[in-house]
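Me: I'd like to learn how to read the spaces and the helix packing in a model. Could we start with the linings and then move on to the helices?

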Amino acid sequence: MMKIKHLFDNRDLTLMLLKYWDYNSEKLDSLQDYRISSNAVYPYYIGNEKCFLRFAPVEEKSVSSVQAELEFLRYLRQMGYRAAETVAAKDDRELIVADTPWGQYIAVTFKCAPGKPLTQFAYSPELYFGFGKSLASLHKLSQSFQPTEAFRINWEQQLDWCEALLREYRVESAALAEIDILRDFFGKLPRKKNTYGLVHYDYEGQNVFFDPKAQEFCPIDFDDSIYHWYVIDVERSTRAIRNTLSAKQSDFAVQDFILGYRSELILSDDDLALQPIFKRYCDLYGYTRRLRTLHEKWQNEPEWMIALRNQLTTELSEKVGCFGKKIEFFSTE
């Protein structure tokens, strides 16, 4: 999530950025369905085709990180994998870096993915088998991906970012101890071509569209992609399944998901046993991001901002449970 000062609906800024693309001025009511979190995302139309304008200030996103994200997406599509597709601006640029009265912003337009988010479909074994298989197919292609334009960050750089912020904010020692524990653990974990590479990081049902007619999956939102172990995607996917479906359905859905993944790639029981540690990594990163969002505060904040602060503060307390606890049960030998 961005800093809270960037979470406002700035319609003037949105329209300034939108004008880099062709758009249907008679359907601008769709802008009302915006959402702002890690980026601002506004739906609009080019002719009768629904698209999404995504933008963020350079304070939040580096140009090189977005370039690396788009290069990975182009590679996936060139390899025949269904993934989010961009729309070129009027001057044929895929990525716009714009100077505005509110600072410099990075903007991209994406086509609407075919189908609907997976979370909008009822559970079926075939659906969740395909969900797992689609993630494994992504990881299989990631194994051969060689970027030439820019690089996404890796887990070490992300932990360094977390540590710098936590020290700046002078948080409790348990969070800093957690960084040392995770840095030591992952520093000893073998990095192999079939286990480590560029991951999606947010491969959850709301970010994966399913097209029933074509029987195809299409992931969107590669904005958090990072070099990590592939099992972190498995952990986040299966955790999201359990948070979305009923307890009974989620047990079956997770089994189907794992079977689907294993139909494409090897996923050992030892790999799956690591999931609690990868969850700790995600919790630490999520904790740091929320702290950063909450760090600035003003008098007379609007009600939505106060409600958001309360929500994020609750989420912070939910993520500190394992901070600083020693990892004892795993050996890399």
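**Spaces and helix packing**

Reply: Happy to. The lining of the largest cavity divides by class into five nonpolar residues, one polar and two charged. Here Ala, Val, Leu, Ile, Met, Phe, Trp, Tyr, Cys and Pro count as nonpolar, Asp, Glu, Lys and Arg as charged, and the others, Gly among them, as polar. This is a predicted model, in which local features need pLDDT of at least 70 and side-chain atom pairs count only at pLDDT 80 or more, while totals for chains, interfaces and linings use all residues. Residues are numbered from 1 along each chain as its sequence is written, and side-chain values use heavy atoms, with hydrogens and water left out.

Me: How much space lies in the largest cavity, and which residues line the largest cavity?

Reply: On a 1 Å grid over the protein atoms alone, a cavity is a set of points where a 1.4 Å probe fits but cannot get out, a pocket is an open set with protein on both sides within 12 Å along at least five of seven lines, and lining residues have an atom within 4 Å of a point. Points are joined across faces, edges and corners, and volume is the space filled by probe spheres set on them. The structure has one cavity of 30 Å³ or more, and the largest cavity holds about 40 Å³. N39, R54, F55, A56, K61, V66, I106 and V108 line the largest cavity. Strand 3 (49-57) and strand 6 (103-111) each give at least two residues to this lining, and strand 3 gives the most, with three. Strands (E, at least two residues) and helices (H or I, at least four) are DSSP runs, numbered from the N terminus.

Me: What volume does the second largest pocket have?

Reply: The second largest pocket has a volume of about 580 Å³. It is lined by 23 residues, and E60, K61, S65, I153 and Y285 are the closest to its centre. Helix 2 (63-78), helix 4 (155-169) and helix 9 (275-294) are the elements that each give two or more residues to the lining. By class, the second largest pocket is lined by eight nonpolar, seven polar and eight charged residues.

Me: At what angle do helix 4 and helix 9 pack?

Reply: Axes are lines fitted to C-alpha atoms, for helices over the stretch in contact, and angles run from 0 to 180 degrees between N-to-C directions. Helix 4 and helix 9 pack at about 45°, with axes 10 Å apart. That makes helix 4 oblique to helix 9; angles under 35 degrees count as roughly parallel, over 145 as roughly antiparallel, 65 to 115 as roughly perpendicular and the rest as oblique.

Me: And which helices does helix 4 cross at roughly 165°?

Reply: That one is helix 5 (residues 173-188), whose axis comes within 10 Å of that of helix 4. The two are therefore roughly antiparallel. In contact (heavy atoms within 4.5 Å), W155, L159, D160, C162, E163, L166 and R167 of helix 4 meet A175, L176, I179, L182, R183, F186 and G187 of helix 5. These contact residues divide into nine nonpolar, one polar and four charged.

Me: How far apart are the axes of helix 6 and helix 7?

Reply: Helix 6 (residues 231-244) and helix 7 (residues 247-262) have axes 9 Å apart and pack at about 155°, so they are roughly antiparallel. V234, S237, T238, I241 and R242 of helix 6 touch S250, D251, A253, V254, F257, I258 and Y261 of helix 7. By class, that contact has seven nonpolar, three polar and two charged residues.
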